[in-house]
Amino acid sequence: MRVLLVEDDETLRETLRQALQRQGYEVTEAATGVEGAYYLNEGGFDVALLDRMLPELDGLTILRRARKKGVATPVLLLTAMDRVGDRVEGLDAGADDYLAKPFATEELLARVRALGRRPAPVELSEVLTFGDLSLDKNAALLHGPKGECHLSKTETRLLSLFLQNGGQPLGRGALFNRVWGPQGEVEEGNLDNYIHLVRRRLSIVGSSLSIRTLWGVGYALEEPTC
């Protein structure tokens, strides 16, 4: 089972990581709200442990935004705020469970097991469109005037950004951060390689759109000029 652990307290995060790994769970860690939001929105986790008070972006904001995007990962909210109103606010934001600090590690593990036993929700299709293209993100399937083709996970993330920002310049730094994550260890040329692959995909499906290189800035997905 894959667990996302978002906690800024290094000592607590290390303790929980070790406890989860001893139970055989695969753990992905994040220490800031921005990192946590990135991983949660990427999906692929069976359970997420999300601290409420985080640097850069708080847990409730992360959770609300993720739920609006259709992210259905079960979330256990961890917080030192234990008033009834605080618990209600967390559950209303989309948390599946709520655990107040300090807590016993055994209780946290029991709650993780309970969330992990819940049946997986039905994942609804999310389709992005721009110009003559449409992309089913969940199926990683690109549709154009001359047909369709499947994309890799990385190609899907990259093209999704272009479709969501059609016509707008996207800087290289922003693309690296959104596609590979804040701590992604990738070479500079990887972005150019994937831009080349996505351009080929556009050609395969017969799209009139093009990804233009903006020297010194980044790239932009553009419709043909008249």
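Which strand is Arg2 found in? Arg2 sits in strand β1, which covers residues 2-6; strands here are DSSP E runs of at least two residues, helices are H or I runs of at least four, and both are numbered from the N terminus. Keep in mind that this is a predicted model, where local features need pLDDT of at least 70, side-chain atom pairs count only at pLDDT 80 or more, and totals for chains, interfaces and linings use all residues. Residues are numbered from 1 along each chain as its sequence is written, and side-chain values use heavy atoms, with hydrogens and water left out.

Back to Arg2: its relative accessibility is 26%, so Arg2 counts as partly exposed (between buried, under 20% relative accessible area, and exposed, over 50%, with a 1.4 Å probe and protein chains only). Setting aside neighbours within four places in sequence, Arg2 is in contact (heavy atoms within 4.5 Å) with residues including Glu26, Thr28 and Asp46. Asp46 is 44 residues from Arg2 along the chain, yet their C-alpha atoms are separated by 5.3 Å.

Now over to helix α6, residues 153-164, where you'll find Thr154. Thr154 is buried, at 13% relative accessible area. Not counting residues up to four places away in sequence, Thr154 touches Val179, Trp180 and Tyr194.

Tyr194 also belongs to the α8 side of a helix contact, with Thr154 among the residues on the α6 side. The axes of α6 and α8 (residues 189-204) come within 10 Å and cross at roughly 80°; axes are lines fitted to C-alpha atoms over the stretch in contact, with angles from 0 to 180 degrees between N-to-C directions. That makes the two helices, α6 and α8, roughly perpendicular (65 to 115 degrees).

How values were computed:
Angles under 35 degrees count as roughly parallel, over 145 as roughly antiparallel, 65 to 115 as roughly perpendicular and the rest as oblique.
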